[in-house]
Amino acid sequence: QGSPAADRPRLCRRAHHAMPIALAVLLLCAGGLPSGSTAPTAKMTVWSALDNDIVGSACEYAAAALGGRESPAAQGAYIPNNMYCAGDSSIYGAGGAGCGACYKLEGPASSQVVQIVDHATYVYQFECHMDVYEKISGARNGFVSVAYKQVPC
C-alpha cells in the first residue's frame, strides 16, 4: 500500500477525468457559456419564400384545418413576420419536442430570433423562410454558417 503522497498522482488523474463533466454541469447550472465564449455553429439554408409554406408543416401551427396562417397558434411575433425555420432532428427533437422553441441565429449580416415550426428535410440544421434567411445571411440563396443558441420566445 502506498503513502498518501504516492496515491496523489492516481487521484489527480481521476480528478482530471472528472473535470470536463464538472465544468459541463457548472455551465449548465449557470445558464450556459460565459460571455465571449464560442457558441455552437450550424448550417442554414432557405426553406421557401412563400407565405403559405408553413401550412401543413409538421408542428401544425398553421394547419389548414385550423385556419392556416390565421390560426390562433400561428399568431405572435414569429410566424406572421416570417421569422421561422425548420430544424433538423437535433433541433426538431423526437416527436416534435422542439416545436415552438426559439433560437438566436447569428450570421454574417445580423442576428435574429427564429421559431422552430417544422422538421428540416435536407442536411442543414436550420432551413428558414426567405425573409429571415436574407436578414441573417445577407443573401437570397445558398447556405451559411450560423452560431446558434436556444433562447426564450
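Mentor: Let us begin with Cys99, which is partly exposed at a relative accessible area of 23%, where buried means under 20% relative accessible area, exposed over 50%, and partly exposed in between (1.4 Å probe, protein chains only). This is a predicted model, in which local features need pLDDT of at least 70, side-chain atom pairs count only at pLDDT 80 or more, and totals for chains, interfaces and linings use all residues. Residues are numbered from 1 along each chain as its sequence is written, and side-chain values use heavy atoms, with hydrogens and water left out.

Trainee: Which residue forms a disulfide with Cys99?

Mentor: Cys99 is bonded to Cys59, with the sulfur atoms 2.0 Å apart, a disulfide being a pair of cysteine sulfur atoms within 2.5 Å. The torsion about their S-S bond is about -80 degrees, so this disulfide is left-handed. Cys59, for its part, is buried, with a relative accessible area of 13%.

Trainee: How many disulfides does the structure hold?

Mentor: It holds three, and another of them joins Cys102 to Cys153. Cys102 is buried at 1% relative accessible area, whereas Cys153 is exposed at 56%.

Trainee: New topic: where is pLDDT under 50?

Mentor: It stays under 50 over residues 1-37, pLDDT being the predictor's confidence in each residue, from 0 to 100. Where pLDDT is low, the predicted coordinates should not be read in detail.

Trainee: And what is the mean for the protein chain?

Mentor: The mean pLDDT is 78, and 76% of the residues reach 70 or more.

How values were computed: Contact means heavy atoms within 4.5 Å.
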